[in-house]
Amino acid sequence: MKVTSKQIAEICGVTRGTVDRALHNRPGIHAATRDKILKVAAELGYRPHFLAQSLVKGRTKTLGVILFDIHNRIFAQLYHSFEAEARRRGYVVYLVLSNKDKELEIQYINSLLDRQVDGIAITPVNFGAEFASLLAKAQAPVVTFGNRVSADIPFVWIDDRRAIAESVRHIYAKGYRSLIYVSPPLRLKGKQNIGTPEQRHLGLLDACGELGDLRATVVTDRDFVPAVVRALEETEGKPAVLCSSDVYALEIVREFKQRNIRVPGQAGVMGFDNIDTLQYVDPPLATVDYNVDEIGRLAAELLIRRIEGQVIPPRTNVPHRIVDRESL
């Protein structure tokens, strides 16, 4: 049975106000009385009523995080750093996974708000003015990452457009004149929030516009591996396959090995994200690195700062860099 401050007061022969002062180290109590109360509380295994304290303080010291899933290591890494920063600042984190389901995402937002979290960080699937209004009217601050919702809702990520444009230029500088660009989420344009894939695709178009003799094929198929193989067979010369995520690149490298297509002898391959499992890949995969741990940490820091009433920037960019490895 849960021990209450009333029971401690009765055992010690004092008022509940005196117990409260002792348990919260407030003035107006003799040292001997405080020691007695703390000793009794420890012996009884007393724990303060968290929800009651939350009502008094107006905060629950909890945060909500909504991710697509954690199959992609980038999200697992991001959550790990977010939780570590939140914990360092005294917050507990609820993690829920939308599985890219728009209705489920809204259910989770409402569920977290019902649990009175102090703030929510989200990689959104929903988009548009109605969704932006929902987040703006939420009774807790919101920070987004991965996909942006609106200029009014703080966003933490990298400059995807610039990163892909630099990747294309890097591939071109290595002598490739044919490019197969792999981004399956582009097929969902207009159906869900694909802000990051769209920005990366714009970066591809930017670079191709600058490099007049670079021929590019864009693969958006859900079953992208056979589509890449077909594109490879139809491409003259040695192409480079640039993927909008490392997970796509790893699938392609595996298929190429099964088909005895040499990487980079017959085709170069480059990913995006620099997930931690790349250290086990042969040949080492060229990719785009950005400090995902810093994104997670910043998302937690900025969200907590906003909870505390501070003004935070509408957009925070984390630097990226090209990682050149043997797959190109």
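Reader: At what relative accessibility does Asp 276 count as partly exposed?
Author: The model is a predicted one, in which local features need pLDDT of at least 70 and side-chain atom pairs pLDDT 80 or more, while totals for chains, interfaces and linings use all residues. Residues are numbered from 1 along each chain as its sequence is written, and side-chain values use heavy atoms, with hydrogens and water left out. Buried means under 20% relative accessible area, exposed over 50%, and partly exposed in between (1.4 Å probe, protein chains only). Asp 276 counts as partly exposed because its relative accessibility is 30%.

Reader: Which residue forms a salt bridge with Asp 276?
Author: A salt bridge is a side-chain nitrogen of Lys or Arg within 4 Å of a carboxyl oxygen of Asp or Glu. For Asp 276, the closest N and O atoms of the pair are 2.6 Å apart, and the partner is Arg 73.

Reader: How many residues apart are Asp 276 and Arg 73?
Author: Asp 276 sits in the loop between strand S9 (268-270) and strand S10 (287-290), and Arg 73 in helix H5 (residues 73-88). Helices (H or I, at least four residues) and strands (E, at least two) are DSSP runs, numbered from the N terminus. Arg 73 is partly exposed, with a relative accessible area of 33%. The pair links distant parts of the chain, and the separation is 203 residues.

Reader: Which residue forms a salt bridge with Arg 200?
Author: The closest N and O atoms are 3.9 Å apart in the salt bridge between Arg 200 and Asp 273. Arg 200 lies in helix H9 (residues 195-210) and its partner in the loop between S9 and S10, so the pair ties together parts that are 73 residues apart in sequence.

Reader: Is Glu 301 buried or exposed?
Author: Glu 301 forms a salt bridge with Arg 305, with the closest N and O atoms 3.5 Å apart. Both lie in helix H12 (residues 292-307), four residues apart, about one turn of the helix. Arg 305 is partly exposed at 23% relative accessible area. Glu 301 has a relative accessible area of 14%, so Glu 301 is buried.

Reader: Which residues are linked with Glu 301 and Arg 305 in a network of salt bridges?
Author: The structure holds 19 salt bridges. Glu 301 and Arg 305 are linked in a network with Glu 294 and Arg 297.

Reader: What is the length of the polar contact that joins the side chains of Glu 255 and Arg 259?
Author: Glu 255 is found in helix H11 (residues 246-258), and counts as buried because its relative accessibility is 18%. A polar contact is a pair of N or O atoms within 3.5 Å; within protein, one must be able to donate a hydrogen and the other to accept it, and residues adjacent in sequence count only if both atoms are side-chain atoms. Between the side chains of Glu 255 and Arg 259, the contact is 2.7 Å.
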